[in-house]
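Welcome! Here is a short tour of one protein model, taking in its open spaces, its sheet and some of its helices.

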Amino acid sequence: MSVAVSARPVSPAAGPGAGPLLRAWRERRRLSQLELALRAGSSARHISFIETGRSRPSEEMVLRLAERLQVPVRERNALLLAAGYAPRYAETPLDDPALDGLRDGLERLIRGYEPYPALVVDAGYTVVAANRGIEMLLAGVPEKLLSPAPNAMRLTLHPQGLAPRIRNLRQWRGHLLAQMEREIALHRSDRLRALYEEVAAYPVPPEEPGAEPAEPVPYFALPLRVEHAGRVLSFVSSISTFNTPMDITVAELAIETFLPADRATADHLRVLAG
């Protein structure tokens, strides 16, 4: 069900209000009160009064500050509630009929990217859609990792997942863990923290003698180099999100596409696609 939305203030919640939360987000973004005030069209004095509770911000000011501080949509609802206002952003289940158009659009998008791999994940890296390029890479992965709700981080880093096939596992693992650390700092998610601790604890095979050296990457981005059908395929990934989302579910979706990093990979995928 969607969260009820109202532009009218509700009774202020007990506690210090939105001030401490806004100060925490400002400090996280490493902005001074003056810098934030300039970005928000306010004054450092007013920002100080809001943070200390001497002034109650309007609903418009809360949203403006949240926008300038790049506060995630889910956390903007928390700021509004702390300031005494109703939540602004709905959280619609992905299987709700209201999102039929979104789901259809995502399916068409990732199918249109074939034969290259593409998938859609939520805030916890649960795979909500994937194309045949992803299915090709996951061939042979145990069913227990693929159902009931496959997780992209587990599929990639689990010793029975893609990890043994990834030729630059240490580099790619470091990239994924750093990405998760940034998301944890941004979203403060217990679920994401638990997932991080799980996948970070997976064993990393020792480098074998004669293994490929950690060469300076001759690509424009760090490639994922993974074995498939006796070949080493190289991809670079790109992540896209929705612009100015008005729904928490939509805000937390990410589309990851894998572009062939060399001609041999592109040619091989075209052959596989017939």
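The model is predicted, so local features need pLDDT of at least 70 and side-chain atom pairs count only at pLDDT 80 or more, while totals for chains, interfaces and linings use all residues. Residues are numbered from 1 along each chain as its sequence is written, and side-chain values use heavy atoms, leaving out hydrogens and water.

Let us begin with the spaces. On a 1 Å grid over the protein atoms alone, a cavity is a set of points where a 1.4 Å probe fits but cannot get out, and a pocket is an open set with protein on both sides within 12 Å along at least five of seven lines; lining residues have an atom within 4 Å of a point. Grid points are joined across faces, edges and corners, and a volume is the space filled by probe spheres set on the points.

Among the 39 residues lining the largest pocket, E183, L186, H187, T241 and A251 are the closest to its centre. Helix 10 gives the most to this pocket's lining, with seven residues. (Helices are DSSP runs of H or I with at least four residues, strands are runs of E with at least two, and both are numbered from the N terminus.)

There are three cavities of 30 Å³ or more. In the largest cavity, L119, A152, T156, E256 and F258 are the closest to the centre of the 17 lining residues. Helix 9 supplies the largest share of that lining, four residues.

Five strands form an open sheet in the order 2-1-5-4-3, with antiparallel pairing; two strands pair if DSSP finds at least two bridges between them. Its edges are strand 2 (127-130) and strand 3 (224-228), each pairing on one side only. Strand 4 (residues 231-240) and strand 5 (residues 254-260) are joined by six bridges, and S238 has T257 in strand 5 as its bridge partner.

Finally, look at helix 3 (residues 44-52). Here I47, F49, I50 and E51 are buried, meaning under 20% relative accessible area, with exposed over 50% and partly exposed in between (1.4 Å probe, protein chains only). After helix 3 comes G53, with a positive phi near 85°.
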